[in-house]
Amino acid sequence: MDSKAELPPVTPKLSPWIWARKNLFNTWYNSILTVICLGLIYQLVGGLLHWAIALADWQVIGVNWRLFLVGRYPPQLYWRVGIATGVIVAAAAFSFGTIRWRSRWVQWIPLAWILAFPVILWFIGGGFGLRQVQTQLWNGLLLTLVTAIVSIVLSFPAGVLLALGRQSSLPVLRWLCILYIEIVRGLPLIGILFMAQVMLPLFLPVEMRLDRVMRAIAGLSLFSAAYMAENVRGGLQSVPRGQIEAAKALGLATPWVILLIVLPQALRAVIPAIVGQFIGLFKDTSLLALVGLVELTGMARSILAQPEFIGDYAEVYIFVGLIYWIFCYGMSLASRRLEQKLAGGKS
């Protein structure tokens, strides 16, 4: 058989004008709809640009940008926040570089983040030779990132363990995991945050007192772990049963079968769902303002209470929304890159 006959036909590239005629102006009613939509887009974009350039008071951002980022963190200790940010950037660059170039160091990515995590908290919170900074002074984007990152780090392994427990052959363990997952998923996050603030200290010894930030992290982690467990369970169900039986036939113990055979395939299958859960958790930190913590949204409310900036709601919340979008889109982009590399595709 001629090899040339097996090649797929090459679709010619269309010029923008030909593509528009084929897809937007191919019939009279499509042409009318296209013109109407273009008019609405022109009016909307033109109105937004006019407001942003001529009417908006962006001075509220320029005057209060430090409050948005670090809140009441001591100004003389900003260098510690800078070093912590540098550690995060270095760990992220290492992760991106090893995935991008398929380096043999890719297996060290989890260890890099595990080592970076206590260093970041040490520089921000102090202790061990550094001046301590109370968590009441962690405000703005700093508090949002700390609570989100810590909650992600804690909820991911907890969710994996809950998913494995729900698949366990031990009835007691399985039903305990099912009970926890279904109860937590049936409650609103704001209710869990209020319970963590009020009821969690009742279950701890008197000498062990968690501050409000730690209680908020506990509530976020417990809530996210239940949803993470269902995402991971979907991945576990996608692994063929025959692979597990083949691994056991080769003599692998059950823990090694789970760690080496099941979990790598299961987690790879549900990367979009897991990252989606991380993005949702990052945005859920905005609810901490309702329990008295001054994270990014709470700081926006405090800035809007300043007499000279009363009424600048649009400018402040557009800026806050842009910050959330940058971080969420960054996680989404990293997820797609990771999927492409694991699938062997090109970036």
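## Ground rules

This is a predicted model. Two packed helices are described by the angle between their axes and the distance between the axes.

## Helices α4 and α5

Start with helix α4, residues 78-100, and helix α5, residues 109-125. Their axes come within 8 Å. They cross at roughly 170 degrees. Angles over 145 degrees count as roughly antiparallel, so α4 and α5 are roughly antiparallel to each other.

Which residues of α4 and α5 meet? From α4 the list includes W79, R80, I83, A84 and V87. From α5 it includes I109, A112, W113, A116 and V119. Sorted by class, this contact has 18 nonpolar, three polar and one charged residues.

## Helices α6 and α7

Now take helix α6, residues 140-166, and helix α7, residues 171-185. The axes come within 7 Å and cross at roughly 130 degrees. That angle makes α6 oblique to α7. The crossing of α6 past α7 is left-handed.

On the α6 side, L162, G165 and R166 take part. They meet L173, R174, C177, I178, Y180, I181 and E182 in α7. The residues of this contact divide into six nonpolar, one polar and three charged.

## An edge-to-face pair

How many aromatic pairs are there? The count comes to nine. One of them joins F68 and F319. Their ring centres are 5.0 Å apart, and their planes stand at 65 degrees. Planes over 60 degrees apart count as edge-to-face, so this pair is edge-to-face.

F68 lies in helix α3, residues 59-70, while F319 lies in helix α14, residues 313-342. The pair therefore ties together parts that are 251 residues apart in sequence. F319 has a relative accessible area of 22%, so F319 is partly exposed.

## A stacked pair and a cluster

W325 and Y329 form a stacked aromatic pair. The rings are 5.2 Å apart centre to centre, with 10 degrees between the planes. Both residues lie in helix α14. They are four residues apart, about one turn of the helix.

W325 counts as exposed, at 53% relative accessibility. Y329 is partly exposed, with a relative accessible area of 38%. Elsewhere in the list of rings, F282, Y324 and F327 are linked into a cluster by ring pairs.

Technical notes. Residues numbered from 1 in each chain as written. Predicted model: local features only at pLDDT ≥ 70, side-chain atom pairs only at ≥ 80, totals over all residues. Heavy atoms only, no water. Axes fitted to C-alpha atoms, helices over the stretch in contact; angles between N-to-C directions. Helix = DSSP H or I, 4+ residues; strand = E, 2+ residues; numbered from the N terminus. Parallel < 35°, antiparallel > 145°, perpendicular 65-115°, else oblique. Left-handed = near helix turned anticlockwise from the far one by under 90°. Contact = heavy atoms within 4.5 Å. Nonpolar A, V, L, I, M, F, W, Y, C, P; charged D, E, K, R; others polar. Phe/Tyr/Trp six-rings, centres within 6.5 Å; stacked < 30°, edge-to-face > 60°. Buried < 20%, exposed > 50% of the residue type's maximum accessible area, 1.4 Å probe, protein only.
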